[in-house]
Amino acid sequence: MSLVHEIDYGTPASLSEKMVTLTIDGSEVTVPEGTSLMRAAMEAGIQVPKLCATDMVDAFGSCRLCLIEIEGRNGTPASCTTPAMEGLVVHTQTKRLKDIRKGVMELYISDHPLDCLTCAANGDCELQDMAGAVGLRDVRYGYEGDNHVFAKNEGVSNDRWMPKDESNPYFTYDPAKCIVCSRCVRACEEVQGTFALTIEGRGFSSRVSPGMHEHFLDSECVSCGACVQACPTATLTEKSVIQIGQPEHSKVTTCAYCGVGCSFKAEMRGEEVVRMVPYKDGKANRGHSCVKGRFAYGYSTHKDRILNPMVREKITDPWREVSWEEAYKHVANEFRRIQYQYGRNSVGGITSSRCTNEETFLVQKLIRAGFGNNNVDTCARVCHSPTGYGLKTTFGTSAGTQDFDSVEHTDVVMVIGANPTDGHPVFASRLKKRLRKGAKLIVVDPRRIDLVRSPHISAAQHLQLRPGTNVAVVTSLAHVIVTEGLFDEKFIRERCDWEEFQDWASFVSSPEHSPEAIEELTGVNPQTLREAARLFATGGNGAIYYGLGVTEHSQGSTTVMAIANLAMATGNIGRKGVGVNPLRGQNNVQGSCDMGSFPHELPGYRHVSDESTRDIFDKLWGVKIQDEPGLRIPNMLDAAVDGTFKGIYIQGEDILQSDPDTKHVAAGLEAMECVVVHDLFLNETANYAHVFLPGSTFLEKDGTFTNAERRINRVRKVMSPLNGYADWEVTQNLAKAMGLNWNYTHPSQVMDEIALTTPSFAGVTYDLLEKEGSVQWPCNEKAPLGTPIMHINGFARGKGKFIRTEYVATDERTGPRFPLLLTTGRILSQYNVGAQTRRTDNVMWHEEDRLEIHAHDAENRGIRDGDWVKINSRSGETTLRALITDRVSPGVVYTTFHHPTTQANVITTDFSDWATNCPEYKVTAVQVGASNGPSDWQVQYDEQARQSRRIKVLDAAE
Amino acid sequence: MDSESHKSTATKLVYMANQIATFFHSQPKDEAAAAVADHINHFWEPRMRQQFFDILEQQNNGLDALVVEAAKQIRKPGPVPV
Ligand code: SF4
Ligand code: SF4
Ligand code: SF4
Ligand code: FES
């Protein structure tokens, strides 16, 4: 095993299609016009010495190490800033160049500590490499003069010296080692787009500084690590490297946090992760990452992880550790008993959108073939099920239409109900890069998300609508486009059903959908809305990105259809730079949906009533799959309360914390006779479990995840599972205990079965993924290398379907008792219910969930910033601390849901999307008032949770 | 306490069916009833449909007229295989 090496070409690739040919050190090389001489040389295999250039950022030309000579030109230009041109003859190594380079290096080294042997970057330092490369043998200048290296010069304190900044939990900044190459500053600006770093001072006195001479932790820095990766020296270094040392081998794998699906090199020493480095060939992230993927992997070895299976008779008993065999036997016996007693359909299961495709496929197979019913659902139910329904109805397939690269070709971006800088940070960085280059931005969101105004970006329009009025606003955008004649008739005639379009056009044109008519309802200024519509329809390539702020409503599916209508009407489908792009929450939401996790659909989105599809699986599995849809999660809980649903196997989800109306979830779980939780930690759901099966992390298994752009990425095992088994093995052993004859020895065999049974995956194999890195489904005979952009020559369903989207107010209304609207979201450093991120140093950025409230509403209630407040709804009550802000409008309050003690879902109601039952998280009518501390429910719950987590210690006598 | 959690499954089913009908009310008239039935056939598990038919027989069941019309086309659940 060795390290995966990536070539640093020194400057970014040129996108030009025109090629030029030149000669470098006697070899001819052909490159796209606009390529730097440095990059051209590297393409020819010649490495020009360099310090301030790296291919993640634009060249700056400050170190003067990369000089070259060009025949027929005077001087020694920098190769990183000089473009290649037809016919140039370039020399990279002459006597003159060698002398200059030595001189440059001598100066650098004379202001740099010489503690290489004990330096954390030893072996991975470009300054060290360059000293070697230019043949530096001695340094004529001593340290007596001005320097940044020593705290004291001859007993007197040195003003130039600065202490280390260790405030960030994951990396250190040691100014003594800085060579002021500004790579970090450019990485923060160009790659991340945060602009947190500057070069302070001038000339010899200059130094890197976060913000206005702040500590990293107190600055704007979001800890993405791009600067650490860019730094050629040990100045910015991962603390893990300082502690452990340099890695010795690495494997490429995929982040297990969000739907962007960033590729990383897991750099290892033995079975210990030294650091995670974003992989430049990763097609989703192109070498970038966020704080979660790069740094927040410590949960995998956290002491709270449960490593042995446990069983108990009653949920009030303490847990009893048992052998794996005993646990499997117990579950198999219980499920068989329950089915015998209450019928075949009295049990079911939930697949995880955090587990691999292979694992998800096996769980649904266990349920359909082993339990013999279709009671399988996934937590994607509570996030993106409306996307599935809405896009399938309009386009014919439920997937997002583009790849992430597409954003580089977009002219107008509309972001609806999503907060990319927090929820999908790496995509946000790519989006911001495009916006800084001139693309226009329209934001539709009740809250002023960061994107609306951030460094060098300002949204052209922000439609700050009242929560719950998406359909009215999007339909009104269509109203303007149709009534002002801005639709793309040619596209519509060619690709869509013209009659359906006309029906729809007359529907949206009616005056009650005009921006003026809906203003009172939505709170959106009609002029702003009109301008946004015009901009989107006429501004060039228009792309829509949306998130849970669209789906998690009682009209979630309707909004998705309204979005699809808008894209079709403006001709923004079927090429680069356009499209409808759902931003998925968890890493494998897309994959878990693809793999047949819904109770009505077999893998590949084929309805269970379809006989020919059932037939494929019936034959292969030797069973008879039921032709009726199974229960969805909320229906399972209802049935449990009614007494007809008694046993459940939950892999890698925490429904008690993530699903709405906690009390109802708790009542459902309590009514069951066998709840099996398969997870890393004793999560909240496990408080109601009878069997706990320890899970494994993404670092401990092989498999694939499918990200929001349908990209199938490999997950590679870099350490042995601490609990002994990868999750797919646990599911297989459970299946065996229930009498199924499964014999998979590697997840690649599961993928082969998926490919064999599912047309859109027909071409996918681990060999192909090994070769290509990743592919986007559909991947089959027609598209052997996958499909970056969908619906290119026509829609999957044939003609695109326009659907009328009537606004219907949610029944969750404000009134005298509950005058405010609560909406929910997430923040960058935490992930979902926080089970993983709360077990890492990411808590330094988010210790608790806070309630954002407008100063006006706060004042009326006598609430000051930081006060404990009580928030209640029709469902329940909880307490948390207030944060006064103008990000939300008066009448709207906002919170995140990352911490179990907050119990935000105690207040959310059971209203849900009409088509899919996706819960209405984004609108709850509430009242807020002063409070003295935790609510009764919180106290009671804490006590119950504490009791429930007890593990019985076996004493020696037994 | 009159909390959401204590709504009965039957109440919820009526609510859900009416929500579906509300959407299809705005769609072209000739397809609306068939579309409601189709939706319920596609997504409702047999015991939910059984409960639905039980509700349908009650007086003042609270079901939207479109749902009642659609009921003719909603599939009667068969016996659960053992
Ligand atoms: S970690 Fe990221 S945000 Fe922070 S300074 Fe470095 S590049 Fe900028
Ligand atoms: S911190 Fe590193 S990357 Fe930034 S200027 Fe100093 S040496 Fe260069
Ligand atoms: S959490 Fe998302 S954006 Fe961050 S590294 Fe992981 S996949 Fe990338
Ligand atoms: S690498 Fe070209 S000037 Fe520094």
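Helix α9 (residues 357–371) of chain A lies across strands β30 and β31 of chain A. The helix runs at about 95° to β30(A). The model is predicted.

The sheet itself is open and has three strands in chain A. Their order is β30-β31-β32, and the pairing is antiparallel. β30 (703–706) and β32 (774–776) of chain A are the edge strands, each pairing on one side only. From one strand to the next, the twist averages 30°.

Strand β31 (residues 711–715) of chain A is joined to β32(A) by three bridges, and the two run antiparallel. Asn713(A) stands opposite Ser774(A), a residue of β32(A).

The last topic is the interface of the two chains, A and B. Chain B has 34 residues in contact with 41 residues of chain A. About 3100 Å² is buried between chain B and chain A. Carbon and sulfur atoms give 50% of that area. Three salt bridges are counted between chain B and chain A. In a salt bridge between these chains, the side chain of Arg75(B) meets that of Glu628(A), at 3.5 Å from N to O.

Definitions and conventions. Residues numbered from 1 in each chain as written. Chains lettered and ligands numbered in written order. Predicted model: local features only at pLDDT ≥ 70, side-chain atom pairs only at ≥ 80, totals over all residues. Heavy atoms only, no water. Pairing = 2+ DSSP bridges. Helix = DSSP H or I, 4+ residues; strand = E, 2+ residues; numbered from the N terminus. Axes fitted to C-alpha atoms, helices over the stretch in contact; angles between N-to-C directions. Contact = heavy atoms within 4.5 Å. Buried area = accessible area lost by both parts, 1.4 Å probe. Salt bridge = Lys/Arg side-chain N within 4 Å of Asp/Glu carboxyl O.
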